[in-house]
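Dear colleague,

I am passing on the structure below, together with some notes on what turned up in it. Please read the notes with the structure open beside them.

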Amino acid sequence: MKIKNVSKNLILYLFIFQFLFANIVHSNGLFDQLFKIQHTTNIDVRLIGFDSLEQDELKILLNKLNKDYSPTILYPKLQTIDLIKQNHKFTITEGSHNLNEEIKASVKKYISDFQHRSTLKQDEYLIPFDVVDNIIAQDYKQQNHISYVVYIINTIYDREDIIEKYTYSQLNSTTINTLHRDGINLVDHLCNVKLWQSKSESPKTLNNSNDGSGRYVWIDIGAETCTYGPQNKGTGLISNNQLPHTNSRFTKKLYDISTFFYHTIRQLISPPIYQIPEKYGWIDLEIQLIMIHDHLVGQLEVSEQFDWESIKEQLGEKMPLLPNQRITFSKREVSLLNNLYAAQIKQSSLKTHHSVLKGTQQFLDSKELHHWFKVHIEKFIPSYLDDSSKTIIPIFLFDISYKELLLLDRYYQAVSFPDMVIGIQTQSGLMKIDYQCDKQLGINPMDATKPVLQSLLMTIWGVGSNSLVVNENSKQIENNFIWNIGYNPSNMFTNLKDLSFSQTDSAIRNYLYFDIISSIDSLKSIMDHIGDDETWEEFTQSIDNPSVRSIDSFFKSINSTITDINSNLQLHQYSKAYDRISQLSDLAMNISSVIHKIHSSKHSYLECEKSTFLLSEFISISFTTLIVIYFLYKVLRKSLF
């Protein structure tokens, strides 16, 4: 009997507890389930020249890479976007026999016909990347891809062939053949590679030509590659034995392929976000180049190599925009000789560094430059603060006829700031840097195009270098330069100025992620507020929206919209995804307006944006809890004893 009484009383008091705290538990659990974006990325893996056993083992290894993770923001503080989960859906297939034979025949023919050898390693034949890339691009264009495609080429040699070492140049066939025709011996100032990424397609035109654009990458594991990355210090060095190779034993070969695939996913297909741009949310953007010369404006310098037209093409034509966004470009030129503000800003930022190894070196302090350009911004851009509907991102580029080395902060040709980009180019000779491609590299101080382009990507879209990765163990930001070749704004290992799909897809994806965070946070805040102030029934009676007549219908409406967003992101339908995200934002705005009206007699919702601690509520809840615990204790004691 006592046990029955205990059971009855326990049920009674558990019901009381459930009644008191149901809203809190229900809301928190429901929030966690409801407010999630599941961004699934489709990836096709095409295995070319692999036997059936290797294919089966690779399927097992690659599918183990598929796990959910949240997007990472690197700066100014390492953090994750927990509202969004990314994962990957793999489709692993065998490349056609014809594709395999065409690649093998083309590479062998080029080696036989031209006999070009690397100047760094005489035992390696040098093949232009487009010998293989043209074939891959044609195969890619024949499919109606909604996914990224990774081509893995096993080997170009059959068992009966005499095996020759070979590598791929980042120069195309036309350039290499022209150089040889003119009697110029090839200098491997670019990294020789075994992997390649496609350049970005223009969203404004339907491009069906095999011009190397799309969303594909390929690796020839039978080829050689140079050692590239930092020369003396730092992380991210890539060597030939770190990448998959045909000569490796079965287990190591497959493990290296899966490791390569992992880095491809995390650095090219789903890279981290560099930062949330300060100017995020712009509609009408003007990128304004302000060239600051040390000669009179109009005096042409033969040495000036800054490619403004290339930047306009990449950002104006290749960059996908949201439906209501627009980018324009303008250029102004000033001279240090007759512009007092420019001259004083440069002079006040000029610093000197003394080094035992390098001697005395002058440089420009980028933070000083940024400070003074902000102070005197209207002297350079009179309309900067006049038109609130337009966002202006200035590029202050010093074009100096300086024969000695002059950089920003001793190391950089361009630096990204939240509201501007600052760059410099001089007429000094080739500058040696602490990076290598089997030998020490140098960059051209007369051309700051690529560093400025990379800095603009950081400032406007929050897109950083592909080399930046997060160490999963130490949670520290490190470098891995495996994909800093080919079409990439990185200035160390390539001189190509085209953007790849990685930069353009990251740009639009970042902006959609930022909008998603903003919209969902607003809805969660509203739901918290309604739960604190009044019942859902009271609220839904006050809102004129057929889809929000109850809490269940409200949840279903949001769930349906989020499902559509997930599908649109998966299919690269960015405009449709933006429209659905806008619906969430409009819903939050409309509900906020209703709350403001129906609460006008109590208090404004706008006053409740920050959570407040109410002593009276705390005392009431605490007192009720103590009473329940006390009566529960009395009942248990009486029942048991």
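In this predicted model, helix 2 passes helix 6 in a right-handed crossing. The axes of helix 2, which covers residues 52-63, and of helix 6, which covers residues 250-269, come within 10 Å and cross at roughly 45°. Angles under 35 degrees count as roughly parallel and those from 65 to 115 as roughly perpendicular, and helix 2 and helix 6 are therefore oblique to each other. On the side of helix 2, the contact is made by Leu 53, Glu 54, Glu 57, Leu 58, Leu 61 and Leu 62, while helix 6 contributes Phe 250, Lys 253, Leu 254, Tyr 255, Ile 257, Ser 258 and Phe 261. Sorted by class, this contact of helix 2 with helix 6 has 9 nonpolar residues, 1 polar residue and 3 charged residues.

The other part of these notes concerns a sheet. The sheet is open and has 3 strands, which follow the order 10-19-20 with antiparallel pairing. Strand 10 (228-230) and strand 20 (440-443) are the edge strands, each of them pairing on one side only. On average, and with direction ignored, neighbouring strands of this sheet are turned by 50° against each other. Strand 19, which spans residues 431-437, runs antiparallel to strand 20 and is joined to it by 3 bridges; Met 431 stands opposite Ile 443, the latter lying in strand 20.

Methods. Residues numbered from 1 in each chain as written. Predicted model: local features only at pLDDT ≥ 70, side-chain atom pairs only at ≥ 80, totals over all residues. Heavy atoms only, no water. Axes fitted to C-alpha atoms, helices over the stretch in contact; angles between N-to-C directions. Helix = DSSP H or I, 4+ residues; strand = E, 2+ residues; numbered from the N terminus. Parallel < 35°, antiparallel > 145°, perpendicular 65-115°, else oblique. Left-handed = near helix turned anticlockwise from the far one by under 90°. Contact = heavy atoms within 4.5 Å. Nonpolar A, V, L, I, M, F, W, Y, C, P; charged D, E, K, R; others polar. Pairing = 2+ DSSP bridges.
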